[in-house]
Amino acid sequence: MVDFSLWDIFRNLMLALRWTVGLSLIAFIGGGVVGLLLLMLRLSKLPGATVFVSCYVQLFQGVPLLVQLFLAYYGLGLFGINTSPWVAAGMGLTLYASAFLTEIWRGSVESIPRGQWEASQSLALNFAEQLRYIILPQAFKISVAPTVGFLVQVIKGTALASVIGFMELTKVGKTIANATFSPFLVFSCVALMYFVLCYPVSLYAKSLERKLHAHR
């Protein structure tokens, strides 16, 4: 048993919290970039684009995130590609986030009345101009609240990265708990830190949703 004071436990968890925040940002930003590309592909009406994007979304939404992380970490090794926990966790969470963000944004675009598309066509705007000037600005306002809310799911999802050895908050908490034989104290601190991270984001998402409904 290692003698850790409460301050030592808290300090080590705070250091691990940086990696949780960093991984969350990588997954959210990376998922946003991939999700936006998939959305554009789906809206482009290219042959087979809708089917491809739909299959992509169903695949990464239907397979548990834990399995995706295992495949990213161990599966690539079958092809001779050695991946670090950082790369595997970032890749797995990015693909996971992109599938959900694509659907959130698709729903936002489809919620725009058909008349807006017809009105933009009457102005002789091409497809790209319709999206840029008419559709996406309106869809953006609708999608902000659920997009910010989804960030909470990404933050909590990073805890699963501990199974592939990524030293984020949950993994470090488990290591400290094994060393101190104080799992209740340690994981209470872990839970508190997740709450401090997620609760303000949830409040902000609800605030944005209220403002959206107020404007409507």
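Me: What makes the separation of Glu110 and Arg106 about one helical turn?

Reply: Glu110 and Arg106 are separated by about one turn because they stand 4 residues apart in helix 4, a helix being a DSSP run (H or I, at least four residues, as against E and at least two for a strand) numbered from the N terminus. This is a predicted model, in which local features need pLDDT of at least 70, side-chain atom pairs count only at pLDDT 80 or more, and totals for chains, interfaces and linings use all residues. Residues are numbered from 1 along each chain as its sequence is written, while side-chain values use heavy atoms, with hydrogens and water left out.

Me: Why is the pairing of Glu110 with Arg106 called a salt bridge?

Reply: The closest N and O atoms of Glu110 and Arg106 are 2.7 Å apart, and the term asks for a side-chain nitrogen of Lys or Arg within 4 Å of a carboxyl oxygen of Asp or Glu, so the pair qualifies. The structure holds 4 salt bridges.

Me: How do you know whether Glu110 and Arg106 are buried or exposed?

Reply: Buried means under 20% relative accessible area, exposed over 50%, and partly exposed in between, with a 1.4 Å probe and protein chains only. Glu110, at 53%, is therefore exposed, whereas Arg106, at 18%, counts as buried.

Me: What links Arg42 with Glu103, and where in the chain do they lie?

Reply: The side chains of Arg42 and Glu103 meet in a salt bridge with an N to O distance of 3.7 Å. This pair links distant parts of the chain, since Arg42 is in helix 1 and Glu103 in helix 4 (residues 85–110), 61 residues apart. Arg42 is buried at 19% relative accessibility, and Glu103 is partly exposed at 21%. Arg42, Glu103, Arg106 and Glu110 are linked in a network of salt bridges.

Me: What makes up the nonpolar surface patch?

Reply: Trp19, Ile26, Trp86, Val87 and Met91 make a nonpolar patch of about 430 Å², its area computed by the Shrake-Rupley method with a 1.4 Å probe, only the protein chains shown counting as cover for residues. Patch members have over 30% relative accessible area and no salt bridge, with nonpolar side chains (Val, Leu, Ile, Met, Phe, Trp, Tyr) joined within 5 Å and like charges within 9 Å. Helix 1 and helix 4 are the elements that give two or more residues to the patch, and helix 4 supplies the largest share, 3 residues. Met91 lies in helix 4 and, at 33%, is partly exposed.
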